[in-house]
Amino acid sequence: MSTSKNNLPSIEPSELPNFLYRLAHTNITSVTRTLIEWQLHTMTRPSEAAGAKWAEIDFHNAIWVIPAERMKKQREHQVPLSKQALSLLYFLKDVSGHTEFLFPGLRNRSQPVNSQTANAAIKRMGYHGTMVAHSMRSIASTTLNEAGFQPDIIEAALAHLDNNEVRRAYNRAQYLEQRKVMMQWWSDYIGQAKQNNT
């Protein structure tokens, strides 16, 4: 176990195959399992993933546009969707395509699932005290940095703002084209981890 820069408990990237094995074999609902996979593939925060709306998905351009009011930094965030992320959406279409949210609540389907749902499931998977849902962003960041992707592109994918105010004012690039390549690489990496080939 390691600790992310937010001081959150996190497993090492090398433990991702075991995490995915537990995710596939723990007794949780298919929607909760898909929520965790969606968050992992899109590198988003738990609240952003849980509150995702069908209206935010641009299938034609394979992009998820999260409005500013749902983002921590109050700035619209665009997430390029890999082939694997799109596959998760096609699965969800049959489950929740008739509702507003990708992940509607069990009791009230007009509201999104609770943002703590993924955390509860991860505890049930045996990671109590060693991992939380937000840690998946740390795993992605560490893996992508080690793979040699440019830090600016990784930070843009994580919707982090530059701490340098002057640089932030001038650098408004979203690196969408580079992020499309990176997000597909990350999803392929997750797919390899599922097969224990990393």
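Mentor: Start with a term: contact means heavy atoms within 4.5 Å. This is a predicted model, where local features need pLDDT of at least 70, side-chain atom pairs count only at pLDDT 80 or more, and totals for chains, interfaces and linings use all residues. Residues are numbered from 1 along each chain as its sequence is written, and side-chain values use heavy atoms, with hydrogens and water left out.

Trainee: How many helices and strands are there in the protein chain?

Mentor: Nine helices and five strands. Both are DSSP runs numbered from the N terminus, helices being H or I with at least four residues and strands E with at least two. Along the sequence the pattern reads β-β-α-α-α-β-β-β-α-α-α-α-α-α.

Trainee: What share of the residues is buried?

Mentor: 46% of the 198 residues in the protein chain. Buried is under 20% relative accessible area, exposed is over 50%, and partly exposed is in between, with a 1.4 Å probe and protein chains only. As for contacts with a separation of 6 or more, 62% are between residues 24 or more positions apart.

Trainee: Which residues of α6 meet α9?

Mentor: Ile139, Ala140, Thr143 and Leu144 in α6 meet Met182, Trp185, Trp186 and Tyr189 in α9. By class, that contact has seven nonpolar, one polar and no charged residues. Here Ala, Val, Leu, Ile, Met, Phe, Trp, Tyr, Cys and Pro count as nonpolar, Asp, Glu, Lys and Arg as charged, and the others, Gly among them, as polar.

Trainee: And at what angle do the axes of α6 and α9 cross?

Mentor: Roughly 105°, and the axes of α6 (residues 135-146) and α9 (residues 176-194) come within 11 Å. That makes α6 roughly perpendicular to α9. The axes are lines fitted to C-alpha atoms, for helices over the stretch in contact, with angles from 0 to 180 degrees between N-to-C directions. Under 35 degrees counts as roughly parallel, over 145 as roughly antiparallel, 65 to 115 as roughly perpendicular and the rest as oblique.

Trainee: New topic. How many aromatic pairs are there?

Mentor: Seven. Rings of Phe, Tyr and Trp (its six-membered ring) pair if their centres lie within 6.5 Å; planes under 30 degrees apart are stacked, over 60 edge-to-face and the rest tilted. Tryptophan 38 and tryptophan 64 have ring centres 5.0 Å apart and planes at 45°, so that pair is tilted.

Trainee: Where do tryptophan 38 and tryptophan 64 sit in the chain?

Mentor: Tryptophan 38 is in helix α2 (residues 30-42) and tryptophan 64 in strand β4 (residues 63-66), 26 residues apart. Both tryptophan 38 and tryptophan 64 are buried. Another pair, phenylalanine 59 with tyrosine 90, is stacked, at 5.7 Å centre to centre and 25° between the planes.

Trainee: One last residue. What does serine 187 touch?

Mentor: Leaving out residues up to four places away in sequence, serine 187 touches His41, Ser82 and Gln84. Serine 187 is in helix α9 and counts as buried, at 0% relative accessibility.
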